[in-house]
Amino acid sequence: MTEAASTHLDLGGVVVATALPYKEDASAPAGLAVDYDAYAEHCNWLIENGCRGVGPNGSLGEYSSLTDEERRKVVQVAVETVGDRGIVVAGVHGPGWHQAQHWTQLAKEDGAHGVLCLPPTMYRSADADVVEHFAKVAEVGLPVMIYNNPLDTKVDITPNLVAEIAKIDGIVAVKEFSGDVRRAFEIQEACEAAGSSIDIIAGSDDVLFELMIDGATGWFAGYPNVFPAEAVAIYDNMAAGRYVEAREIYKSLIAAFRWDSRPEFVQAIKLGMDMVGRNGGPCRPPRAALTQAMEAQVRADTQRALDALAALQ
(Lines give C-alpha, C1' and ligand atoms only; values in the text may rest on other atoms or scores of the structure.)
Protein backbone atom coordinates (compact mmCIF):
# COMPACT_ATOMS: atom_id res chain seq x y z
CA MET A 1 0.00 0.00 0.00
CA THR A 2 1.37 3.43 -0.87
CA GLU A 3 1.56 6.15 1.75
CA ALA A 4 -1.06 8.14 -0.16
CA ALA A 5 -3.55 5.26 0.16
CA SER A 6 -2.91 4.67 3.88
CA THR A 7 -4.69 6.23 6.83
CA HIS A 8 -1.34 6.66 8.58
CA LEU A 9 0.86 9.65 7.82
CA ASP A 10 4.17 10.65 9.37
CA LEU A 11 3.99 14.44 9.69
CA GLY A 12 7.33 14.83 11.42
CA GLY A 13 9.36 17.63 9.86
CA VAL A 14 8.56 20.94 8.21
CA VAL A 15 5.57 20.85 5.89
CA VAL A 16 5.24 24.22 4.17
CA ALA A 17 1.88 25.87 3.60
CA THR A 18 2.89 27.08 0.17
CA ALA A 19 2.31 30.59 -1.12
CA LEU A 20 1.00 30.77 -4.67
CA PRO A 21 2.65 32.89 -7.39
CA TYR A 22 0.63 34.68 -10.05
CA LYS A 23 1.40 36.33 -13.36
CA GLU A 24 -0.47 39.22 -14.93
CA ASP A 25 -3.27 38.16 -17.26
CA ALA A 26 -6.19 40.45 -18.03
CA SER A 27 -8.46 37.47 -18.74
CA ALA A 28 -7.82 35.82 -15.35
CA PRO A 29 -9.64 36.54 -12.06
CA ALA A 30 -8.54 39.95 -10.77
CA GLY A 31 -6.09 40.10 -13.68
CA LEU A 32 -3.83 37.47 -12.10
CA ALA A 33 -3.35 33.96 -13.45
CA VAL A 34 -1.77 31.20 -11.38
CA ASP A 35 1.83 30.70 -12.47
CA TYR A 36 2.03 26.91 -12.28
CA ASP A 37 5.62 26.77 -13.53
CA ALA A 38 6.77 29.17 -10.83
CA TYR A 39 4.77 27.21 -8.26
CA ALA A 40 6.43 23.95 -9.29
CA GLU A 41 9.85 25.59 -9.05
CA HIS A 42 8.99 26.85 -5.56
CA CYS A 43 7.83 23.43 -4.36
CA ASN A 44 11.03 21.90 -5.69
CA TRP A 45 13.13 24.56 -3.92
CA LEU A 46 11.43 23.83 -0.61
CA ILE A 47 12.04 20.09 -0.91
CA GLU A 48 15.65 20.65 -1.95
CA ASN A 49 16.12 22.76 1.18
CA GLY A 50 15.12 19.87 3.41
CA CYS A 51 11.40 20.43 3.96
CA ARG A 52 9.34 17.31 4.63
CA GLY A 53 6.62 18.34 2.22
CA VAL A 54 4.26 20.99 0.94
CA GLY A 55 0.70 22.00 1.73
CA PRO A 56 -1.11 23.47 -1.28
CA ASN A 57 -4.45 25.27 -0.95
CA GLY A 58 -4.12 26.54 2.56
CA SER A 59 -5.05 30.06 3.56
CA LEU A 60 -1.53 31.10 2.57
CA GLY A 61 -2.19 29.50 -0.82
CA GLU A 62 -5.27 31.71 -1.23
CA TYR A 63 -7.51 28.71 -1.88
CA SER A 64 -10.69 30.74 -1.43
CA SER A 65 -9.68 33.07 -4.28
CA LEU A 66 -9.14 30.26 -6.79
CA THR A 67 -11.47 28.77 -9.35
CA ASP A 68 -12.30 25.10 -8.92
CA GLU A 69 -10.05 24.23 -11.85
CA GLU A 70 -7.14 26.20 -10.41
CA ARG A 71 -7.58 24.73 -6.97
CA ARG A 72 -7.37 21.17 -8.26
CA LYS A 73 -4.44 21.85 -10.59
CA VAL A 74 -2.38 23.37 -7.77
CA VAL A 75 -2.54 20.04 -5.94
CA GLN A 76 -1.68 18.13 -9.10
CA VAL A 77 1.38 20.32 -9.71
CA ALA A 78 2.52 19.87 -6.11
CA VAL A 79 2.15 16.08 -6.28
CA GLU A 80 3.98 15.84 -9.59
CA THR A 81 6.80 18.10 -8.41
CA VAL A 82 7.37 16.51 -5.01
CA GLY A 83 7.19 12.95 -6.32
CA ASP A 84 8.62 10.45 -3.86
CA ARG A 85 10.84 13.04 -2.15
CA GLY A 86 8.26 14.16 0.40
CA ILE A 87 4.58 14.48 1.18
CA VAL A 88 1.73 16.64 -0.09
CA VAL A 89 -0.97 17.64 2.40
CA ALA A 90 -3.74 19.38 0.49
CA GLY A 91 -6.06 21.96 2.01
CA VAL A 92 -9.68 20.85 1.60
CA HIS A 93 -11.47 23.60 3.51
CA GLY A 94 -15.12 24.24 2.72
CA PRO A 95 -18.31 25.74 4.17
CA GLY A 96 -19.93 22.32 4.50
CA TRP A 97 -18.73 18.75 4.81
CA HIS A 98 -19.97 17.95 1.32
CA GLN A 99 -17.57 20.51 -0.17
CA ALA A 100 -14.65 19.47 2.05
CA GLN A 101 -15.33 15.82 1.27
CA HIS A 102 -15.39 16.61 -2.47
CA TRP A 103 -11.97 18.28 -2.31
CA THR A 104 -10.66 15.36 -0.26
CA GLN A 105 -11.83 12.90 -2.89
CA LEU A 106 -10.09 14.89 -5.62
CA ALA A 107 -6.93 15.12 -3.52
CA LYS A 108 -6.99 11.34 -3.14
CA GLU A 109 -7.46 10.82 -6.87
CA ASP A 110 -4.58 13.21 -7.59
CA GLY A 111 -2.12 11.49 -5.28
CA ALA A 112 -2.00 13.66 -2.17
CA HIS A 113 -0.74 11.89 0.94
CA GLY A 114 -3.16 13.57 3.32
CA VAL A 115 -5.39 16.58 3.80
CA LEU A 116 -5.65 19.59 6.09
CA CYS A 117 -9.20 20.57 6.98
CA LEU A 118 -10.74 23.47 8.87
CA PRO A 119 -14.10 23.08 10.59
CA PRO A 120 -17.00 24.45 8.53
CA THR A 121 -15.98 27.84 7.20
CA MET A 122 -18.32 30.85 7.20
CA TYR A 123 -20.39 29.24 9.99
CA ARG A 124 -19.88 29.22 13.75
CA SER A 125 -20.54 25.52 14.17
CA ALA A 126 -21.70 23.62 17.24
CA ASP A 127 -19.48 20.79 18.47
CA ALA A 128 -21.70 18.11 16.92
CA ASP A 129 -21.48 19.85 13.54
CA VAL A 130 -17.69 19.96 13.79
CA VAL A 131 -17.47 16.26 14.62
CA GLU A 132 -19.74 15.36 11.70
CA HIS A 133 -17.74 17.58 9.35
CA PHE A 134 -14.48 15.78 10.09
CA ALA A 135 -16.10 12.33 10.14
CA LYS A 136 -17.45 12.86 6.63
CA VAL A 137 -14.06 14.05 5.37
CA ALA A 138 -12.33 11.05 6.95
CA GLU A 139 -14.69 8.68 5.12
CA VAL A 140 -12.72 9.30 1.92
CA GLY A 141 -9.80 7.32 3.31
CA LEU A 142 -6.96 9.84 3.31
CA PRO A 143 -5.24 10.81 6.58
CA VAL A 144 -6.85 13.98 7.93
CA MET A 145 -5.14 16.74 9.91
CA ILE A 146 -7.80 18.88 11.56
CA TYR A 147 -7.03 22.58 11.75
CA ASN A 148 -7.83 24.66 14.81
CA ASN A 149 -7.80 28.33 13.80
CA PRO A 150 -10.35 30.09 16.03
CA LEU A 151 -9.02 33.49 14.98
CA ASP A 152 -10.39 33.07 11.46
CA THR A 153 -13.18 30.50 11.78
CA LYS A 154 -14.64 31.62 15.16
CA VAL A 155 -14.74 27.90 16.01
CA ASP A 156 -12.35 26.80 18.75
CA ILE A 157 -11.57 23.09 18.57
CA THR A 158 -10.90 22.82 22.28
CA PRO A 159 -8.72 20.04 23.71
CA ASN A 160 -11.77 18.03 24.79
CA LEU A 161 -13.28 18.38 21.32
CA VAL A 162 -9.96 17.39 19.72
CA ALA A 163 -9.98 14.26 21.88
CA GLU A 164 -13.50 13.40 20.68
CA ILE A 165 -12.63 13.95 17.00
CA ALA A 166 -9.45 11.90 17.42
CA LYS A 167 -11.63 8.80 17.94
CA ILE A 168 -12.62 8.95 14.25
CA ASP A 169 -10.67 6.55 12.04
CA GLY A 170 -8.37 8.51 9.75
CA ILE A 171 -8.00 11.60 11.94
CA VAL A 172 -4.25 11.61 12.55
CA ALA A 173 -3.23 15.10 13.65
CA VAL A 174 -4.32 18.55 14.75
CA LYS A 175 -2.73 21.72 13.42
CA GLU A 176 -2.85 23.94 16.48
CA PHE A 177 -3.10 27.63 15.59
CA SER A 178 -4.79 29.14 18.63
CA GLY A 179 -1.52 30.71 19.76
CA ASP A 180 -2.04 29.25 23.23
CA VAL A 181 1.06 27.22 24.05
CA ARG A 182 -0.79 25.56 26.95
CA ARG A 183 -2.82 23.57 24.42
CA ALA A 184 -0.18 20.92 23.75
CA PHE A 185 -0.32 19.42 27.23
CA GLU A 186 -4.09 19.97 27.45
CA ILE A 187 -4.68 18.05 24.21
CA GLN A 188 -2.46 15.21 25.36
CA GLU A 189 -4.27 15.01 28.69
CA ALA A 190 -7.74 15.15 27.08
CA CYS A 191 -6.86 12.41 24.60
CA GLU A 192 -5.48 10.20 27.37
CA ALA A 193 -8.69 10.64 29.36
CA ALA A 194 -10.84 9.90 26.30
CA GLY A 195 -8.85 6.88 25.19
CA SER A 196 -7.81 8.51 21.91
CA SER A 197 -4.55 9.82 20.47
CA ILE A 198 -3.49 12.43 17.94
CA ASP A 199 -0.31 14.07 16.68
CA ILE A 200 0.03 17.73 17.59
CA ILE A 201 1.41 19.87 14.78
CA ALA A 202 2.59 23.41 15.46
CA GLY A 203 0.60 25.77 13.26
CA SER A 204 1.73 29.24 14.35
CA ASP A 205 5.32 29.99 13.40
CA ASP A 206 5.83 32.29 16.38
CA VAL A 207 5.04 29.59 18.98
CA LEU A 208 6.85 26.72 17.25
CA PHE A 209 9.63 26.50 19.85
CA GLU A 210 7.23 26.47 22.79
CA LEU A 211 4.85 23.91 21.28
CA MET A 212 7.65 21.52 20.36
CA ILE A 213 9.05 21.73 23.88
CA ASP A 214 5.63 20.56 25.08
CA GLY A 215 5.27 17.70 22.63
CA ALA A 216 4.37 18.89 19.13
CA THR A 217 5.90 16.49 16.63
CA GLY A 218 5.62 18.48 13.39
CA TRP A 219 5.41 21.99 11.98
CA PHE A 220 2.93 23.06 9.31
CA ALA A 221 4.56 26.35 8.57
CA GLY A 222 4.31 29.61 6.65
CA TYR A 223 7.68 31.34 6.90
CA PRO A 224 9.71 28.47 5.45
CA ASN A 225 8.47 29.94 2.15
CA VAL A 226 11.14 32.55 2.93
CA PHE A 227 13.61 30.69 5.17
CA PRO A 228 13.31 26.94 4.43
CA ALA A 229 16.81 25.75 5.36
CA GLU A 230 16.79 27.78 8.57
CA ALA A 231 13.33 26.48 9.50
CA VAL A 232 14.48 22.91 8.97
CA ALA A 233 17.51 23.61 11.17
CA ILE A 234 15.21 24.85 13.95
CA TYR A 235 12.99 21.78 13.67
CA ASP A 236 15.86 19.29 13.47
CA ASN A 237 17.59 20.82 16.48
CA MET A 238 14.35 20.77 18.47
CA ALA A 239 13.61 17.16 17.53
CA ALA A 240 17.12 16.17 18.64
CA GLY A 241 16.86 18.02 21.94
CA ARG A 242 19.40 20.67 20.95
CA TYR A 243 17.24 23.44 22.36
CA VAL A 244 19.96 26.06 22.80
CA GLU A 245 20.98 25.78 19.16
CA ALA A 246 17.36 25.85 18.00
CA ARG A 247 16.57 28.86 20.17
CA GLU A 248 19.36 30.95 18.66
CA ILE A 249 18.01 30.48 15.13
CA TYR A 250 14.40 30.86 16.29
CA LYS A 251 15.22 34.10 18.12
CA SER A 252 16.81 35.44 14.94
CA LEU A 253 13.61 34.85 12.97
CA ILE A 254 10.91 35.59 15.52
CA ALA A 255 10.29 39.20 14.46
CA ALA A 256 9.35 37.96 10.99
CA PHE A 257 7.57 34.87 12.30
CA ARG A 258 5.08 37.04 14.23
CA TRP A 259 3.53 38.10 10.93
CA ASP A 260 2.34 34.52 10.44
CA SER A 261 -0.34 35.15 13.08
CA ARG A 262 -1.56 38.49 11.70
CA PRO A 263 -4.34 39.15 9.17
CA GLU A 264 -1.80 40.34 6.59
CA PHE A 265 0.31 37.16 6.81
CA VAL A 266 -0.07 36.25 3.14
CA GLN A 267 1.11 39.64 1.91
CA ALA A 268 3.90 39.70 4.51
CA ILE A 269 5.25 36.28 3.60
CA LYS A 270 5.07 37.03 -0.12
CA LEU A 271 6.99 40.27 0.48
CA GLY A 272 9.59 38.30 2.44
CA MET A 273 9.90 35.94 -0.50
CA ASP A 274 10.51 38.89 -2.81
CA MET A 275 13.20 40.18 -0.46
CA VAL A 276 15.18 36.93 -0.61
CA GLY A 277 14.90 36.62 -4.38
CA ARG A 278 11.90 34.29 -4.56
CA ASN A 279 8.67 34.80 -6.52
CA GLY A 280 6.25 36.26 -3.97
CA GLY A 281 4.36 38.92 -5.85
CA PRO A 282 0.79 40.16 -5.43
CA CYS A 283 -2.31 38.55 -3.95
CA ARG A 284 -5.80 38.17 -5.32
CA PRO A 285 -8.72 39.88 -3.59
CA PRO A 286 -9.75 40.18 -0.86
CA ARG A 287 -6.09 40.62 0.12
CA ALA A 288 -5.11 44.14 -0.85
CA ALA A 289 -1.58 45.47 -1.07
CA LEU A 290 0.06 46.35 2.23
CA THR A 291 -0.14 49.96 3.32
CA GLN A 292 3.09 51.90 3.01
CA ALA A 293 3.62 51.84 6.76
CA MET A 294 2.90 48.13 7.05
CA GLU A 295 5.18 47.28 4.14
CA ALA A 296 7.95 49.24 5.82
CA GLN A 297 7.43 47.26 9.03
CA VAL A 298 7.45 43.89 7.23
CA ARG A 299 10.61 44.88 5.41
CA ALA A 300 12.26 45.98 8.66
CA ASP A 301 11.32 42.77 10.48
CA THR A 302 12.44 40.60 7.58
CA GLN A 303 15.72 42.46 7.26
CA ARG A 304 16.25 42.12 10.99
CA ALA A 305 15.89 38.36 10.57
CA LEU A 306 18.29 38.29 7.62
CA ASP A 307 20.87 40.33 9.52
CA ALA A 308 20.56 38.11 12.59
CA LEU A 309 20.99 34.98 10.50
CA ALA A 310 24.06 36.45 8.84
CA ALA A 311 25.54 37.13 12.27
CA LEU A 312 25.13 33.46 13.20
CA GLN A 313 27.26 32.31 10.27
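Both faces of strand S7 are covered, with Val-144, Ile-146 and Asn-148 buried on one side and Met-145 and Tyr-147 buried on the other. Here, buried means under 20% relative accessible area, whereas exposed means over 50% and partly exposed lies in between, as found with a 1.4 Å probe on protein chains only. Because 5 of the 5 residues of S7 (residues 144–148) are buried, the strand is largely enclosed by the rest of the structure. Strands and helices are DSSP runs numbered from the N terminus, with at least two residues of type E for a strand and at least four of type H or I for a helix. The model is predicted, and local features need pLDDT of at least 70, side-chain atom pairs count only at pLDDT 80 or more, and totals for chains, interfaces and linings use all residues. Residues are numbered from 1 along each chain as its sequence is written, and side-chain values use heavy atoms, with hydrogens and water left out.

The neighbours of S7 come next. Strand S6 (residues 114–117) pairs with S7 in the parallel sense over 3 bridges; two strands are said to pair if DSSP finds at least two bridges between them. Within this pairing, Leu-116 stands opposite Met-145, and Cys-117 has Ile-146 as its bridge partner. Strand S8 (residues 171–176) also runs parallel to S7, joined to it by 5 bridges, and Ala-173 in S8 is the bridge partner of Met-145.

Strand S5 (residues 87–91) runs parallel to S6 and is joined to it by 3 bridges, with Ala-90 opposite Val-115. One right-handed unit is made by S5, H3 and S6, and another by S6, helix H4 (residues 127–138) and S7. A crossover is right-handed if, with the strands pointing away from the viewer, the path from the first strand over the helix to the second runs clockwise.

Aromatic rings give another view of the fold. Rings of Phe, Tyr and Trp (its six-membered ring) pair if their centres lie within 6.5 Å, and planes under 30 degrees apart count as stacked, over 60 as edge-to-face and the rest as tilted. By this rule the count comes to 6 aromatic pairs. The pair of Trp-219 and Phe-257 is edge-to-face, because the ring centres are 5.9 Å apart and the planes stand at 70 degrees. Trp-219 lies in strand S10 and Phe-257 in helix H10 (residues 243–257), so this pair ties together parts that are 38 residues apart in sequence. Trp-219 counts as buried at 1% relative accessibility, and Phe-257 does so at 0%. Phe-257 also pairs with Tyr-223; their centres are 5.8 Å apart and their planes at 40 degrees, so this pair is tilted. Tyr-223 sits in the loop between S10 and helix H9 (228–239), 34 residues from Phe-257, and is buried, with a relative accessible area of 0%. Ring pairs link Phe-209, Trp-219, Tyr-223, Phe-227, Tyr-250 and Phe-257 into a cluster.

Finally, the pockets can be described. Rolling a probe the size of a water molecule over the atoms shows where empty space is left. On a 1 Å grid over the protein atoms alone, a cavity is a set of points where a 1.4 Å probe fits but cannot get out, while a pocket is an open set with protein on both sides within 12 Å along at least five of seven lines; lining residues have an atom within 4 Å of a point. The largest pocket holds about 750 Å³ of space. Its lining has 37 residues, of which Ser-59, Tyr-63, Leu-118, Asp-152 and Arg-287 lie nearest the centre. Grid points are joined across faces, edges and corners, and a volume is the space filled by probe spheres set on the points.
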